[in-house]
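Please consult the sequence and structure shown here alongside the text.

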Amino acid sequence: MGTAFGVSDGTAGLMVTVPGLVAGFCAPLVTVGSGRLDRRPVLCGLIALMAAANLAAALAPGFAVVLAARLLVGISVGGFWAVAGGITVRLVPDRHVPRVTALVFAGVPTASVLGVPAGTLLGELGGWRAAFGAVGVLGVLALTALLLLLPPLPPARNTAFRELPALLRENPAVRAGVIVTFLVVTGQFAAYTFVRPVLQDVSGIAAGQVSALLLGYGAAGVAGNFLAGARDAYRTLLAVSAALAVILSLIATLPGAAAGTALLPAWGLAYGGVSVSLQRWMLHAAPAAAEAATSLMVAVFNLAIAAGALTGGLAVDGLGTPAAPLTGAALMFLSAVTIAVTVTVRSTAAPATDQ
């Protein structure tokens, strides 16, 4: 795309950075702005915006139009996950909420497994415009499914913007969840952004084998999502953070293809449980303000992706390739400490943390 529009690779990279940052800021804004609206047309409108933005990108005459379309995608993604993550509790009986939450969030690792290879193949066969067009068509199909299957969902409560900082200030469990989200996701993307050079430079894995290993990583992530879905979110995230701290430390320091090949699916399995567990943490921490708590998590999640890529890049530039997973390991360790403290406080003062 950079060649097609005559822009540098760094400028073309704004297509990834911009929607991530916009999604982070728009998650709470959409939650507040749509407070009095039925959730069904809100979700349909956000998916329609995503479909239209991708179709516009496919037909864009210049890079500025593509960037504007990607900005709209960021609004759609941030708003959709902030709203969709909080409505699962309204769609099924309480006993089914853990499984349904796992099913909804299974879309994240599944899309990673299928979307990247499919997009690459479409790009090779029909060019980058075909890839954007296909995503737009998938958006139309998703919109059709929502219109046919999602029941009316009047707002359970109206969220005012002032409630978001108040939720952080007054609810220790939500505050801890936001901190853990930032630490885990920043650590993940500090390391994962540079997974290819780590596998090649440290593990000595041939470039042609990396794609197959990443496919295995994604498949393990789908399994991790369902394994974590019905378990206690606090203890699951404690185990995940501790495991990732060890895995990332080892993948940064153990040479040899065998080590890299074994550690990568373990990494995917552990990280696969993160999104669903963070969502369940927020639902448990603020059951009466599920959308507000979810919007805070989604906002921090998206901003942490950008922060992780930046942190990993600075570490690699300053210290070399292994510094990326080591930085991620350090942040995972801090996350584990934060969760351990939260679990201890929760066990001694449960009523205070569950308000």
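The sections below take up these topics in turn, for a model that is predicted.

## Nonpolar cores

The largest nonpolar core contains 52 residues, among which Val174, Leu264, Trp267, Tyr271 and Trp281 touch the most other members. The greatest contribution to this core comes from helix α13, spanning residues 233-253, which supplies nine residues.

The surroundings of Val174 can be listed individually. Leaving aside residues up to four places away in sequence, Val174 touches Leu167, Leu168, Met282, Ala285, Ala286, Ala293 and Leu296. In soluble globular proteins, nonpolar side chains tend to be buried together.

## Second largest pocket

The second largest pocket has a volume of about 290 Å³. Its lining is made up of 13 residues, of which Phe80, Ala84, Leu91, Val104 and Leu146 are the closest to the pocket centre.

The largest share belongs to α5, with six residues. By residue class, the lining comprises eleven nonpolar and two polar residues, with no charged residue.

## Helix α15

Helix α15 covers residues 274-285, twelve in number. From its first C-alpha to its last, α15 reaches 16 Å, close to the 16 Å expected at 1.5 Å a residue.

Ten of the twelve residues of α15 are buried, and the helix is therefore largely enclosed by the rest of the structure. The buried residues are Val274, Ser275, Val276, Ser277, Leu278, Gln279, Trp281, Met282, Leu283 and Ala285. Among them, Met282 and Ala285 are touched by Val174, while Trp281 is one of the residues that touch the most other members of the largest core.

Leu254 lies in the loop between α13 and α14, the latter spanning residues 257-271. Its relative accessibility is 37%, which is between the 20% limit for buried and the 50% limit for exposed, so Leu254 counts as partly exposed.

Not counting residues up to four places away in sequence, Leu254 touches Val202 and Ala259. Leu254 and Thr31 are separated by 223 residues in sequence and, C-alpha to C-alpha, by 45 Å in space.

Methods
Residues numbered from 1 in each chain as written. Predicted model: local features only at pLDDT ≥ 70, side-chain atom pairs only at ≥ 80, totals over all residues. Heavy atoms only, no water. Core = buried A, V, L, I, M, F, W, Y, C linked by side-chain atoms within 4.5 Å. Buried < 20%, exposed > 50% of the residue type's maximum accessible area, 1.4 Å probe, protein only. Helix = DSSP H or I, 4+ residues; strand = E, 2+ residues; numbered from the N terminus. Contact = heavy atoms within 4.5 Å. 1 Å grid on protein atoms, 1.4 Å probe; cavity = no way out; pocket = protein on both sides within 12 Å on 5 of 7 lines; lining within 4 Å. Points joined across faces, edges and corners; volume = space filled by probe spheres on them. Nonpolar A, V, L, I, M, F, W, Y, C, P; charged D, E, K, R; others polar. Expected span 1.5 Å × (residues − 1).
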